[in-house]
2 protein chains.
Amino acid sequence: MNRAALIEQIRSKKSYLCVGLDTDITKIPTHLLNEADPVFSFNRSIIDATQDLCVSYKINTAFYEARGLKGWESMEKTLAYIPEHIFTIADAKRGDIGNTSTQYAKAFFEALSFDSITVAPYMGEDSVKPFLDIANKWTIVLGLTSNAGSADFQMLTCGEEKLFEQVLRKVSSWGNENNLMFVVGATKADQLQEIRKILHQHFLLIPGVGAQGGSLADVSRYGMNADIGMLVNVSRQIIFASSGLDFAEAARAEAEKIQSEMATYL
Amino acid sequence: MNRAALIEQIRSKKSYLCVGLDTDITKIPTHLLNEADPVFSFNRSIIDATQDLCVSYKINTAFYEARGLKGWESMEKTLAYIPEHIFTIADAKRGDIGNTSTQYAKAFFEALSFDSITVAPYMGEDSVKPFLDIANKWTIVLGLTSNAGSADFQMLTCGEEKLFEQVLRKVSSWGNENNLMFVVGATKADQLQEIRKILHQHFLLIPGVGAQGGSLADVSRYGMNADIGMLVNVSRQIIFASSGLDFAEAARAEAEKIQSEMATYL
C-alpha cells in the first residue's frame, strides 16, 4: 500500500487507529478454545468488528511464535483474512547482517505478504537496507520506544544529541517518506514536537496509548503533520475489552470510542 | 546446559567451534531438493558430519522463517536432531517490551527448547530481563556486531565510552556469567582486549571468522579467558564448503581444519 492510499483511507474513515493483534491465547474468551484454531477465530471476530474503524492491523509476531507451528499458521490465516485495503504491520522487530535481513524481508514480504515490518536499528545501515530494497513495502524502524527500558540506551547523550535522535536522523537518510516510518512511543508525547523537527514528512507508528498510559490528545497535538502522518496503535485495551461472549462487541465499542476521538482531531 | 558442562565439552573436544546452520535452500546441493524436507536433510547430514568437532550449533532463524510454515517445521526437526550434549543457539535477535519478550522467551525456550537465544539491546532492561528470567537458559546480547553497519550506532561515543561499551557494561549488570553471553564480532579482534576489561568472565559468541574475514588466531589471542570463554561461529565456510554430493565430507574437512587450529590455542 502506498502513502497516498494510506492517507486517503485515514481521511475517509476519519481514523488513524491501528489495532494490535497481540493475541495471547491465555487471555482470549474460553468459549473459543474449542475451535480448531482459537487464535484465528478470535482475530477474525476482532477484524469483523473493527475493520471500518481502523486503518491498520499490527500482528505482534511474538504471540504467534510462542505457539510454534500452530501459531505461525494462525498468523498466516489472520493476515490472509485482513481486507486488502487495510495496512498490515508485522511487529517483528527483526534486524541482522545484510544476507540475513534479506531472509527476514523474504519471510514477511514474500512468504507472508505484510505491507510493513518493524526493524531494530542497533546493527546499522546494512541491517535495514534489505527491507527498504523491497518495492512497495514499508520499513518501520524503532526510534523511541514506549517502555521503561528506553531510558537505558535510547536516551543516552551521544555527542550533540540523544541516541534515538541520531537513529531518527541517520536512518531517515537511508530511505524516504514513501518507504520508511518510525516507532515513537506515546508515553513521550511531549518529545514529539522535537521529533517532528527531525522527521517532517514521515509517518510515525505510535504505541503506548491505552494500557501503557499515553494520551491520544497529546500525541495527536504534537505528532500530526499536514498528511496526518501517524498511526496510533492500541492493542489490549481493544482486543481484551471483554473476556466474555461479547468480546467482539466490546472491542468494537472501544475502537469506536477511540475513532470518535480521533475524528475530532482531524 | 550450564557453564560447567559447556566448558567441560570444550576441553574434551578441544574445540570452541559453533557451526552456524544458515541453511539457505537456494544454496544446498540440488540432489537434496527431491527429499521431503531438503533443509532438514541437509542439516542432518551436516550435524552427523561435524558433531564431534564442534560444541554448539547456531540456527539462524531468518533462513527458516523465509520459508514460512515449512521452514518453521525444518527448524523444529533440526533442533530435535541436535544431540543433547551440544549447546544450541537460536540466532533470532529478538527483543521487545516486557510482555512481548516473555512471549519470545516462550517461543524459543518452551515451544522450542533452545539452550540460548540472541537478543538485541536497543529497548533496554525490561526487553532483556524476560529471557534472563528463564532458569537454565542463556541470553546472548548483541554487543559489537561484525557487519559494516556496526559503525553507525554501536561505535558512537556516548559520554566516556562508545555505545557498545555502555551496552556491555550495563547489560552485564542485569545477569551474570552463568546466564548471559555477548555477541562480539571477530572483525574487531583488536578490540577484544578492551572488551575483556569490561567482561572478564562472560562467554563471548564470536561471528565473522571465515566468510566475513575475521582471524581465528587474533580472536583466540585477544578474547580467551581462563575458562576459554568463547564460542567462535563459522557458517557458510563450513556448511557450503561443497555444493556437490560430497557436501557433508567437505563440511567435515573444513570443521576439522578449524578445530585443529583451535586445539593449538587451548
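This is a predicted model: local features need pLDDT of at least 70, side-chain atom pairs count only at pLDDT 80 or more; totals for chains, interfaces and linings use all residues.
Reader: How are chain A and chain B related by rotation and shift?

Author: Two copies of a chain are related by a rotation about an axis and a shift along it. Here, chain A is superposed on chain B by a rotation of 180 degrees with 0.0 Å of shift along the axis, and the RMSD is 0.0 Å. That is the relation of a two-fold axis. Both copies use the same surface, since 100% of the contact residues of chain A recur in chain B.

Reader: Which residue of chain A comes closest to the rotation axis?

Author: A:Cys158 does, with its C-alpha at 2.0 Å from the axis.

Reader: At what angle do α4(A) and α4(B) pack, and how far apart are their axes?

Author: Two packed helices are described by the angle between their axes and the distance between the axes. For α4(A) and helix α4 (residues 68-81) of chain B, the angle is about 170 degrees and the axes are 10 Å apart. Angles over 145 degrees count as roughly antiparallel, and α4(A) and α4(B) are therefore roughly antiparallel to each other.

Reader: Which residues make the contact of α4(A) with α4(B)?

Author: From α4(A) come A:Gly68, A:Leu69, A:Trp72, A:Glu73 and A:Glu76, and from α4(B) come B:Gly68, B:Leu69, B:Trp72, B:Glu73 and B:Glu76. The contact of these two helices has four nonpolar, two polar and four charged residues.

Reader: In what order do the strands of chain B close into a barrel, and is the pairing parallel or antiparallel?

Author: Eight strands of chain B close into the barrel in the order β1-β2-β3-β4-β5-β8-β9-β10, and the pairing is parallel. On average, neighbouring strands of this sheet are turned by 30 degrees against each other, direction ignored. As an example of one pair, strand β5 (residues 138-144) of chain B is joined to strand β8 (residues 180-184) of chain B by five bridges, and the two run parallel. Within this part of chain B, B:Thr139 stands opposite B:Leu180 in β8(B).

Reader: Which strands does helix α11 of chain B touch?

Author: Helix α11 (residues 247-265) of chain B packs on the sheet and touches β1 (17-21) and β10 (230-234) of chain B. The direction of α11 makes about 155 degrees with that of β1(B).

Terms used. Residues are numbered from 1 along each chain as its sequence is written. Chains are lettered from A and ligands numbered from 1 in the order in which they are written. Copies are superposed by least squares on the C-alpha atoms of residues with pLDDT of at least 70 in both. Two residues are in contact if their C-beta atoms, placed from the backbone, lie within 7 Å. Two strands pair if DSSP finds at least two bridges between them. Helices (H or I, at least four residues) and strands (E, at least two) are DSSP runs, numbered from the N terminus. Axes are lines fitted to C-alpha atoms, for helices over the stretch in contact, and angles run from 0 to 180 degrees between N-to-C directions. Angles under 35 degrees count as roughly parallel, over 145 as roughly antiparallel, 65 to 115 as roughly perpendicular and the rest as oblique. Ala, Val, Leu, Ile, Met, Phe, Trp, Tyr, Cys and Pro count as nonpolar, Asp, Glu, Lys and Arg as charged, and the others, Gly among them, as polar.
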